[in-house]
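Please have the sequence and the 3D view open while reading.

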Amino acid sequence: MLSERQEGQPNLLIAQQFFVYKRQEDIVRLLDGLRKAGVSELPAGMEPESAERMNGVDIGNLMIGHELTGRQVLPDVLAYHSVIAADGSVTRTVGEEVVTGRMWVQGDSLCSAYPRKLTGCGAVFRNLSVTPGAPNDYILLSRFKRYEFSVTK
């Protein structure tokens, strides 16, 4: 099915996009089973160098209730800005596009849903090769996109 849709090889980010559960323990059980079956965490070739993956608790503390500023670096370089309220409601700007929706932590991933768009999840990393003065303290990887950002509020 994934090859027919040109989705690439199976990975846990794709699984979280297509299998959204209300109960945290259900998604954790699914992801654990997929890991045991050998499914990779991230899309092939997307693992960032010199970075440390963050866990769900740290992602929630870092991002929920905060403002993020940086840039999308893949597939195109565009300005990035998100304001995430304590309840998870979010306004995200990438380039000229402004969307509102909801963000939440699911397992060790940050997930988002925007009206008329698919739900998606991403992995968040501490960028260990931070450029001084650049908004790139953290990296967010989704299925096809990469963002570098810093928490500004």
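## Strands around β6

Strand β6 and strand β7 (residues 120–127) run antiparallel and are joined by 3 bridges. Strands here are DSSP runs of E with at least two residues, numbered from the N terminus, and two strands pair if DSSP finds at least two bridges between them. C111 has C121 as its bridge partner in β7. The two strands form a hairpin with 6 residues between them, and R116 in that turn has a positive phi of about 65°.

β6 also pairs with strand β5 (residues 97–106), in the antiparallel sense, over 5 bridges. Here C111 in β6 stands opposite W104. The hairpin of β5 and β6 has 2 residues between the strands, and G107 in the turn has a positive phi of about 65°.

Of the 5 residues of β6 (residues 109–113), 4 are buried, so the strand is largely enclosed by the rest of the structure. Buried means under 20% relative accessible area, exposed over 50%, and partly exposed in between, with a 1.4 Å probe and protein chains only.

## A charge over a ring

R92 lies over the face of Y114, at 4.7 Å from the ring centre. The rule asks for NZ of Lys or CZ of Arg within 6 Å of the ring centre and within 35 degrees of the ring normal.

## Basis of the model

This is a predicted model: local features need pLDDT of at least 70, side-chain atom pairs count only at pLDDT 80 or more, and totals for chains, interfaces and linings use all residues. Residues are numbered from 1 along each chain as its sequence is written, and side-chain values use heavy atoms, with hydrogens and water left out.
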